[in-house]
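This report describes a protein structure from its overall make-up down to selected residues. The sequence and model are shown first.

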Amino acid sequence: MTANARTAPAQTEIGATATSSSAPRQMTSLAWTLLITLSILWGGSFFFTKVAVAEIGSMEIVFLRVALAAIVLHIVLRLRGLAFPLSWSGFAPFLVMGAINNVVPFTLLTWGQTQIASGLASILNAFTPISTVIILHLFTTTDRATPMKAVGVVLGFCGVAVMIGTAAISGVGDHLLAELACLGATVSYGTSALYARRFMGTPALVTAAGQLTGSSIILLPILLMSGGLIDLAANWPSTEVVIAMAGLAFLSTALAYLLFFRILSVAGPANVMLVTFLVPVSAILAGVFVLGEQLQPRHWAGIMLIAAALATIDGRLPRRLARALRRN
């Protein structure tokens, strides 16, 4: 069924449709593989952004990232013969998704990181799964938090905090508005997970293209009024920056969001946000293998806590241990 042929099902709860796709889902081996791959792609975005920000403004980077990704996904849509909703009723949900999953959190995080250290911002961003679990628990009946999931997300947050180090939180409270902005971004991501439930019957390629198109449409007038695109055209970046922007747009955005919405369809909204715990791990391991950096004891401790968190949330290992203990 094509995207513009779909009719809106009756709403049974906020952000959910009256279909079985809203039922709780377990993380399969496929979902874990996709989640780890997604974390690698998003972990790489820090490297690409670090290169690009030397010559391009932060808002211009965000716009180019989503706009270029949207263009390439629309080309793939055309090649695949998939329809894209052009009516207002069909496209409006993508505008909402683009705003709460891209524009609002990207803007809050970008501004927040101008006031606080990136380490503290990363720790605050690790609240995303916690915000998501709370929001889904409050506003749905099929994605309620379980004790195992609650323990898992707390373990995961602690793992990120340990991995990044206590030095990152030494200035907590010095820039309260910036810290609240970063936390606000996690609430926006959690809200987007709730809202994304309505796309669970839509092909991932259509949803990814729609969200990124919506984000681009929202950002374009802002950049035109600020003159940012004119400055960019007058000061064309170096080849190195162009390559970094291509990696950021095509790998860390277009391909990444294809995986994001694929995971959403097979594992549900709460599980897809677990990628936030894995992104710091991917970024640190990239530093080890690409830049020759050394893993410190806190990195190992953080990785082990995150592994324990994911095993707890997955549930299969604790259940096996419980059965083994009962047999003994």
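The sections below take up confidence, overall architecture, a surface patch, the cysteines and one threonine.

## Basis and confidence

This is a predicted model, in which local features need a pLDDT of at least 70 and side-chain atom pairs count only at pLDDT 80 or more, whereas totals for chains, interfaces and linings use all residues. Residues are numbered from 1 along each chain as its sequence is written, and side-chain values use heavy atoms, with hydrogens and water left out.

The pLDDT, which is the predictor's confidence in each residue on a scale from 0 to 100, averages 81 over the protein, and 84% of the residues score at least 70. Over residues 1-23 the pLDDT is below 50, although this stretch has 41 contacts in the model beyond near neighbours in sequence, a contact meaning heavy atoms within 4.5 Å. Where pLDDT is low, the predicted coordinates should not be read in detail.

## Overall architecture

The protein has 14 helices and two strands; these are DSSP runs numbered from the N terminus, with helices (H or I) of at least four residues and strands (E) of at least two. Of its 328 residues, 48% count as buried, where buried means under 20% relative accessible area, exposed means over 50%, and partly exposed lies in between (1.4 Å probe, protein chains only).

Among contacts with a separation of 6 or more, 88% are accounted for by residues 24 or more positions apart. The protein exposes about 15700 Å², of which carbon and sulfur atoms supply 69%; accessible areas come from the Shrake-Rupley method with a 1.4 Å probe, and for residues only the protein chains shown count as cover.

## A nonpolar surface patch

Trp111, Leu176, Leu177 and Leu180 make a nonpolar surface patch of about 440 Å².

Helix 7 (residues 176-195) supplies the largest share of the patch, three residues. Leucine 180 is found in this helix and is partly exposed, with a relative accessible area of 47%.

## Cysteines and a buried threonine

The structure holds zero disulfides, a disulfide being a pair of cysteine sulfur atoms within 2.5 Å. Cysteine 158 is partly exposed at 34% relative accessible area, while cysteine 182 counts as buried at 0% relative accessibility.

Threonine 207, found in helix 8 (residues 204-226), counts as buried at 1% relative accessibility. Not counting residues up to four places away in sequence, threonine 207 touches Phe94, Phe199, Thr202 and Phe261.

Conventions
Patches are made of residues with over 30% relative accessible area and no salt bridge: like charges are joined within 9 Å, nonpolar side chains (Val, Leu, Ile, Met, Phe, Trp, Tyr) within 5 Å. A salt bridge is a side-chain nitrogen of Lys or Arg within 4 Å of a carboxyl oxygen of Asp or Glu.
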